[in-house]
Amino acid sequence: MYELMIETSFSAAHQLRGYKGKCESLHGHNWRIQVIVSSERLNDTGIVIDFHELKAVTKDAISPLDHSFLNDVFPFTEINPSSENIAKWIYDTIRKKLYENNCTVSSVTVWENDTASATYYEA
Ligand SMILES: [Zn+2]
């Protein structure tokens, strides 16, 4: 298997509904995003996917979230904008966008800060 990884980031505010603690109050993060895709084979060029394309697809996926109040952005109007839910939403969005490529999304990791992250993947 081949595995490719890119990282990017976005800035946004959120507040967790029903959470008893600091994160219930409005606050922001510089979220760091790591996307890993994998493939059993390379294309005719000898690559899995162009890094620029993977970065563009990821940037496109997170653009509605950047500089937003996440609680106002669907689906976080309905589900909590936790790192876990953000990771799954980015995973699902990128997977749809990469549908016609020869690679699949392995995992998406979302860091709230340097020492805390959540990862979504499907077994
Ligand atoms: Zn937070």
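User: Where is P75 found, and what makes that stretch a loop?

Analyst: P75 is found in the loop between β3 (68-69) and α2 (83-97). Helices (H or I, at least four residues) and strands (E, at least two) are DSSP runs, numbered from the N terminus. This is a predicted model, in which local features need pLDDT of at least 70 and side-chain atom pairs count only at pLDDT 80 or more, while totals for chains, interfaces and linings use all residues. Residues are numbered from 1 along each chain as its sequence is written.

User: What makes the peptide bond from F74 to P75 cis or trans?

Analyst: Look at omega: for the bond from F74 to P75 the angle is near 5 degrees, and the bond is cis. Most peptide bonds are trans.

User: How do you know whether the radius of gyration of the protein agrees with that of a compact globule?

Analyst: The radius is taken over C-alpha atoms, and the globule rule is 2.2 Å times the number of residues to the power 0.38. For 123 residues a compact globule would come out near 14 Å; the protein has 15 Å, so the two agree.

User: What makes the largest nonpolar core a core, and which residues have the most contacts inside it?

Analyst: A nonpolar core is a set of buried Ala, Val, Leu, Ile, Met, Phe, Trp, Tyr and Cys residues joined through C-beta atoms within 7 Å. The largest has 26 residues, and among those with the most contacts inside it are I33, I90 and I94. α2 gives the most to this core, with six residues. Nonpolar side chains tend to be buried together in soluble globular proteins.

User: Why are β2 and β4 said to pair, and in which sense?

Analyst: Two strands pair if DSSP finds at least two bridges between them. β2 and β4 have seven bridges, in the antiparallel sense.

Conventions: A residue is buried if 20 or more other C-beta atoms lie within 10 Å of its own, exposed if 12 or fewer, and partly exposed in between; C-beta atoms are placed from the backbone.
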